[in-house]
Amino acid sequence: MILIEGDVIMPGDIVKDIATMKKKETIILGPGLRREADTVFAYKAGVLKKRDPAVYYVDTYQKRYVPNRGENVIGIITQRGGDIFKVDIGANEQASLSYLAFEGATKKNRPDIQVGDLVFAKLLVASKDMEPELVCVDSHGKEKNLGALSSDGMLFTCSLNLIRKILNRSTPLFNTLARSQAFEVAIGMNGKVWVKARTIQETIAVVNAILAAEYTAPNNIVKLCSDIEKTLLLTQSNNMD
């Protein structure tokens with residue numbers, strides 16, 4: 001049986017016959033799907049989703065991150081040695097990050113990064129047969145919001161399902177929060193999120209909103225943000241008293 005968008009699929013199910021579609025659209029396979037010859041199979045259990053124009057993936061609930069090339073992740077520096085940092089990204093093995101993989105870095109001008117620091121990086125290499133490799137620049141050597149993250153922010157871990165939800169453009173979470181609060185956020189596809197707002201109370205409020213969004217329907221997210229904002233204002237008022 002060939003499955004379509006919205007169906008629940010299991011590993012081994014046939015998702016789509018590329019041969020019948022390749023003349024109509026260019027298909028991009030996301031997490032959970034694998035191509036063999038002209039047929040696409042699922043290798044994860046979940047719900048088949050499609051993101052325009054033609055990106056197909058399996059929406060599945062999991063906590064263990066499997067690295068995928070090109071994804072942005074948040075990692076913790078665990079070792080420094082030679083020209084390489086070792087970075088914990090929550091996968092089954094640590095990733096490597098070169099000193100030279102930062103904007104403007106040279107042999108003499110190395111980035112000031114210590115063990116325990118956080119980095120927002122992109123996966124350059126991700127293969128089951130190779131150690132993951134990270135970079136903190138784009139293809140033009142520019143930082144583009146990648147690099148070291150401030151220790152003033154708050155890092156927390158959530159499900160990969162929530163990460164996909166809050167990154168979906170149809171989810172109004174961040175646009176709604178930004179109307180009343182100023183904050184910075186870095187979202188890693190490995191289930192790690194870094195948030196920094198003007199105060200500790202505001203940072204915690206943003207974190208609570210993100211975590212609560214996992215079990216909130218999209219049409220109720222505006223109300224969720226409003227309730228959290230009221231709670232924050234009440235807390236700030238009580239602190240002033």
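Reader: Why is Phe85 called buried?

Author: In this predicted model, Phe85 has a relative accessible area of 0%. Buried means under 20% relative accessible area, so Phe85 is buried.

Reader: What makes the pair of Phe85 and Tyr99 an aromatic pair, and why is the pair called tilted?

Author: The structure holds three aromatic pairs. In the pair of Phe85 and Tyr99, the distance is 4.3 Å centre to centre, with 40 degrees between the planes. Phe85 belongs to strand β9 (residues 84-88), and Tyr99 to the loop between β10 (95-98) and β11 (118-127), 14 residues apart. Tyr99 is buried, as is Phe85.

Reader: Why is the pair of Phe85 and Phe102 called edge-to-face?

Author: The ring centres of Phe85 and Phe102 are 6.4 Å apart, and the planes stand at 80 degrees. The limits are centres within 6.5 Å for a pair and planes over 60 degrees for edge-to-face, so Phe85 and Phe102 form an edge-to-face pair. Because Phe85 lies in strand β9 and Phe102 in the loop between β10 and β11, this pair ties together parts that are 17 residues apart in sequence. Ring pairs link Phe85, Tyr99 and Phe102 into a cluster.

Reader: How do you know that Phe102 counts as buried?

Author: The relative accessibility of Phe102 is 10%. Buried means under 20%, so Phe102 counts as buried.

Reader: What makes the charged end of Arg110 sit over the ring of Tyr99?

Author: The charged end of Arg110 is 4.5 Å from the centre of the Tyr99 ring. The term requires CZ of Arg within 6 Å of the ring centre and within 35 degrees of the ring normal. The charged end of Arg34 likewise sits over the ring of Tyr43, 4.3 Å from its centre.

Reader: Why is Gln181 called buried, and with which residues is Gln181 in contact?

Author: Gln181 has a relative accessible area of 6%; the limit for buried is under 20%, so Gln181 is buried. Gln181 is found in the loop between α2 (173-177) and β15 (183-187). Leaving aside neighbours within four places in sequence, Gln181 is in contact with Arg198, Glu202, Ala205, Val206 and Leu232.

Reader: Why does Ile204 count as partly exposed?

Author: Ile204, in helix α3 (residues 200-212), has 39% relative accessibility. On the surface, Ile204 forms a nonpolar patch with Met154 and Ile200, with about 280 Å² of accessible area together.

Definitions and conventions
Residues are numbered from 1 along each chain as its sequence is written. This is a predicted model: local features need pLDDT of at least 70, side-chain atom pairs count only at pLDDT 80 or more; totals for chains, interfaces and linings use all residues. Side-chain values use heavy atoms; hydrogens and water are left out. Patches are made of residues with over 30% relative accessible area and no salt bridge: like charges are joined within 9 Å, nonpolar side chains (Val, Leu, Ile, Met, Phe, Trp, Tyr) within 5 Å. Accessible areas come from the Shrake-Rupley method with a 1.4 Å probe; for residues, only the protein chains shown count as cover. A salt bridge is a side-chain nitrogen of Lys or Arg within 4 Å of a carboxyl oxygen of Asp or Glu. Helices (H or I, at least four residues) and strands (E, at least two) are DSSP runs, numbered from the N terminus. Buried means under 20% relative accessible area, exposed over 50%, partly exposed in between (1.4 Å probe, protein chains only). Rings of Phe, Tyr and Trp (its six-membered ring) pair if their centres lie within 6.5 Å; planes under 30 degrees apart count as stacked, over 60 as edge-to-face and the rest as tilted. Contact means heavy atoms within 4.5 Å.
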